[in-house]
Amino acid sequence: MKNGYDDFSPWRVKKGFKVEKFIGGLSLPVNICFAPQIYKNDDPSFIYVNELYGNVKVITKNNNIKILAENLLNYKPNYQFPGTGESGLIGITADQKSGDIFVSLIYEKNGMVFNKVINIKTEDGLSASKYETIMDGISSIKAAHQIQALTIGPDNKLYVNLGDGMESKSPQNDNDLRGKVLRMNLDGSIPDDNPWPNRYVYAKGFRNPFGADWRNSDGHLYVSDNGPAFDDRLVKVEAGKNYGWPKSMRTGAIHIWERTEAPTGIAFMQGNQFPNEYSDHLFVALFGKAWHLGITDKGKKIIEFILDSNGKVLSHGLFMEYIGEGPASVAGLAFGPDGLYFSDLHGEDPKNKHAGNIYRITTS
Amino acid sequence: MKVPDTKENLMKCICMKCPTHNKCMKDNMQGLFCARGKSSCDFSKNGCLCGECPVGTDYKLKEYYYCEVGPAK
């Protein structure tokens, strides 16, 4: 190990690349985002990562782990995978201008479960100075299908992926925000130019849309959406469009996994982290089964997609796969300044609740 | 789509692994709710595996918690 990087990796990646452990010792790291470089510290923040059971941690430039916010859940989680243990603090994104951090999570009130979005303000990028709930009161469930990814679009609006809460009627119910992608101002108010006036809904008909990223070349949001026992999909999201669930997961899909693989994080290569021929390629994490040791028949992979200018999939192929023996799998995915980073929710030791990792993929 | 209550489907059923499947359901040998109908037991919704079940794949099931809502139609 040198400079925090571990040479051993239980992941096999495409020729020309290498996978290194960037940081370990995390407890169920879900999603990651990169901190804006606006703070003047000796050891400034580099990555923000949310841990499923209520902490937001900072990985600094010098690979130190600090707690930005903790104990955000108001109930005791139970580590049940699959099941109630799969829920908690899921989405995270950082406003690169203000430094504000937005997280999505569930909470309990009067014995019921709800979704909410919190704006965490920080003055130094290392610790929270103020918490502000900008949206709450949306019914949820202690299981998957809760509030998911958060992204900030090129229009400086906050986009919120909201699962159907395991209520199959919710995605088509216009009085229910579940099963939708929402669009809001950064203070939680409804923008004047949303597709439906005075409503948060940007697009509807989703089931369990875990991942999201913006494609610079066409200005569109892309989303991964988990199907039932069949038909996971990738979607190019267009304002006001209905993506069909529960009638079909195929409506508006640009790619279907007929045999489900549980797509989680997605990320476009839009910088110079990889060679030029990878420019605008989409990388999609496949999580697989909720908790399974070793190599499995589903998931534990990253798939590389090549899209045309309209978002149609031209080709796709395996980019990385798991070859270890642990419960490890890929959840969050994001390009940093020097490579593709991913979170590994469970890590290598099934008995250790702090075995989660962040890995980095770079050219070899 | 209706799900036949067959031995073949029972063998594929993963209700017993579901976090919602509780002691009462086990004691009463309850499962394959998508074919046999809702459970007579009291239970808490602790998550639903119907979406991961091979029976769900075969019959293109879209609902959740067949133990609560009754058989697929």
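Q: Leaving out residues up to four places away in sequence, what does A:Tyr48 touch?
A: A:Tyr48 touches A:Ile32, A:Cys33, A:Ala35, A:Val56, A:Val58, A:Leu68, A:Ile92, A:Ala94 and A:Ile101, with residues up to four places away in sequence not counted. Keep in mind that this is a predicted model.

Q: Which residues touch the most other members of the largest nonpolar core?
A: A:Tyr48 and A:Val284 do. That core has 115 residues.

Q: A:Ile92 was on that contact list. Is β7(A) mostly covered or mostly open?
A: Mostly covered. β7(A) spans residues 89-94, and six of its six residues are buried.

Q: Which strand does β7(A) bridge to, and how does the pair run?
A: β7(A) is joined to β8(A), residues 101-109, by five bridges. The two run antiparallel. Within the pair, A:Thr93 has A:Phe102 as its bridge partner.

Q: What sits between β7(A) and β8(A)?
A: Six residues, and the two strands form a hairpin. In the turn, A:Gly99 has a positive phi of about 90°.

Q: And where does β8(A) go next?
A: Into another hairpin, with β9(A). Two residues lie between the strands, and A:Asn110 in that turn has a positive phi of about 50°. Nine bridges link β8(A) to β9(A), residues 112-122, in antiparallel fashion. A:Tyr107 has A:Phe114 as its bridge partner there.

Q: How many bridges join β9(A) to β10(A)?
A: Eight, again with an antiparallel run. β10(A) covers residues 128-139. A:Ile120 is bridged to A:Tyr131.

Q: Which residue in the turn between β9(A) and β10(A) has a positive phi?
A: A:Gly125, at about 75°. This hairpin has five residues between its strands.

Q: Switching topic. In what order do β15, β16, β17 and β18 of chain A line up?
A: The order is β15-β16-β17-β18, in an open sheet with antiparallel pairing. β15 (211-215) and β18 (253-257) of chain A are the edge strands; each has a single partner strand, so one side of each lacks a neighbour in the sheet.

Q: How much twist, on average, from one strand to the next?
A: The average is 15°.

Q: How many bridges join β17(A) to β18(A)?
A: Four, between antiparallel strands, with β17(A) at residues 232-237. A:Arg233 stands opposite A:Ile256 of β18(A).

Q: Now chain B. How many helices and strands?
A: Five helices and zero strands. Along the sequence the pattern reads α-α-α-α-α.

Q: Why call chain B compact?
A: Because a compact globule of 73 residues would have a radius of gyration near 11 Å, and chain B has 11 Å, which agrees. Its C-alpha atoms fill a box of roughly 25 × 20 × 20 Å along the principal axes.

Q: What share of chain B counts as buried?
A: 42% of its 73 residues.

Q: And the contacts within chain B?
A: Take those between residues at least 6 apart in sequence: 58% of them join residues at least 24 apart.

Q: Last one. How many residues does each chain put into the contact between A and B?
A: Chain B gives 17 residues and chain A gives 13 residues. On the chain B side, seven are nonpolar, five polar and five charged.

Methods:
Residues numbered from 1 in each chain as written. Chains lettered and ligands numbered in written order. Predicted model: local features only at pLDDT ≥ 70, side-chain atom pairs only at ≥ 80, totals over all residues. Buried ≥ 20, exposed ≤ 12 C-beta atoms within 10 Å, placed from the backbone. Pairing = 2+ DSSP bridges. Axes fitted to C-alpha atoms, helices over the stretch in contact; angles between N-to-C directions. Rg over C-alpha atoms; globule rule 2.2 N^0.38 Å. Contact = placed C-beta atoms within 7 Å. Nonpolar A, V, L, I, M, F, W, Y, C, P; charged D, E, K, R; others polar. Core = buried A, V, L, I, M, F, W, Y, C linked by C-beta atoms within 7 Å.
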